[in-house]
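Welcome! Take a moment to look over the sequence and the 3D view below, and then we can walk through a few spots together.

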Amino acid sequence: GAADPAFLFRQHWTLIPKILAAAVAFGLAARLFAWLSHTGGSFLKAKVPSPLLRPLIGGVVVIGLFFVAGTPDYLGLGVEGSHAGAITLPSFFTSAEVHPWAWLWKLVFTVVTLSSGFKGGEVTPLFFIGAALGNGIAGLLGAPLDLFAALGFVAIFAGATNTPLACTLMGMELFGAGLGVPAGVACFVAYLCSGQKGIYAAQRVGAGKLYRLRSK
């Protein structure tokens, strides 16, 4: 089975710089997701006024992406695979294989789907994107795959929703209390790097994130 992330963190303090680097990437990925979702939705509404036509266009694009990707692994929530060896959310924690671009494929599929009017949710896809990015970064940096998949799982959601504390606690609940320190570092750094606007348009951040940091 996969090694315990908290144990790995305690045994390898040299991972701290790698965790910081990964956290910046998680924050930037969250920022990219939020920006593309808002921009894509606004663009389609401006160019295609009909609310019935937008999902049709989005569906055609998703079908095209399916053929380009050559796999059904980025359709749906990504929790369960439709074939043996499928790329799924759990596979980023349990498999020794590195998937460097799975996060980007899932991000594009999800953004197109949401922007065109399909409202199936972005929570689980963001978990997939974060774990996939953590998996890819771990392979690049020579870090434990399961630990970085866990950090990406919570940190990208922290950045996308501007909820670093809640996501730190979620990481401790899901992966063990021992993950509190690395999860906290990853979530708060990702939050600071994710920009002002999250995925929820109604959410308002009272002051700039860097301003808050300096004021303390």
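## A buried loop residue

Let's begin with Asn-162, which is buried, with a relative accessible area of 12%. Here, buried means under 20% relative accessible area, exposed means over 50%, and partly exposed is in between, using a 1.4 Å probe and protein chains only. Asn-162 sits in the loop between helix H7 (145-161) and helix H8 (164-175). Helices are DSSP runs of H or I with at least four residues, numbered from the N terminus. The phi angle of Asn-162 is near 60 degrees, a positive value in a residue other than glycine.

## How to read this model

This is a predicted model, in which local features need pLDDT of at least 70 and side-chain atom pairs count only at pLDDT 80 or more, while totals for chains, interfaces and linings use all residues. Residues are numbered from 1 along each chain as its sequence is written, and side-chain values use heavy atoms, with hydrogens and water left out.

How many disulfides does a search of the whole structure find? The search finds 0, where a disulfide is a pair of cysteine sulfur atoms within 2.5 Å. The sulfur of Cys-167 has its closest cysteine sulfur in Cys-187, and because they are 5.3 Å apart, this is too far for a bond. Cys-187, likewise, is in no disulfide.

Are these cysteines buried or exposed? Cys-167 counts as buried at 2% relative accessibility, and Cys-187 counts as buried at 0%.

## The largest pocket

Now for the open spaces. A pocket is found on a 1 Å grid over the protein atoms alone, as an open set of points where a 1.4 Å probe fits, with protein on both sides within 12 Å along at least five of seven lines; lining residues have an atom within 4 Å of a point. The largest pocket has a volume of about 360 Å³, a volume being the space filled by probe spheres set on the points, which are joined across faces, edges and corners.

The largest pocket has 16 lining residues, and Ser-37, His-38, Leu-114, Ser-115 and Lys-119 lie nearest its centre. Helix H2 (15-47) and helix H5 (102-115) each supply at least two residues of this lining, and H2 gives the most, with 6 residues.

## The second largest pocket

The second largest pocket holds about 180 Å³ of space. Its lining has 14 residues, of which Gly-76, Lys-106, Thr-110, Thr-113 and Pro-125 lie nearest the centre. Here H5 gives the most to the lining, with 5 residues.
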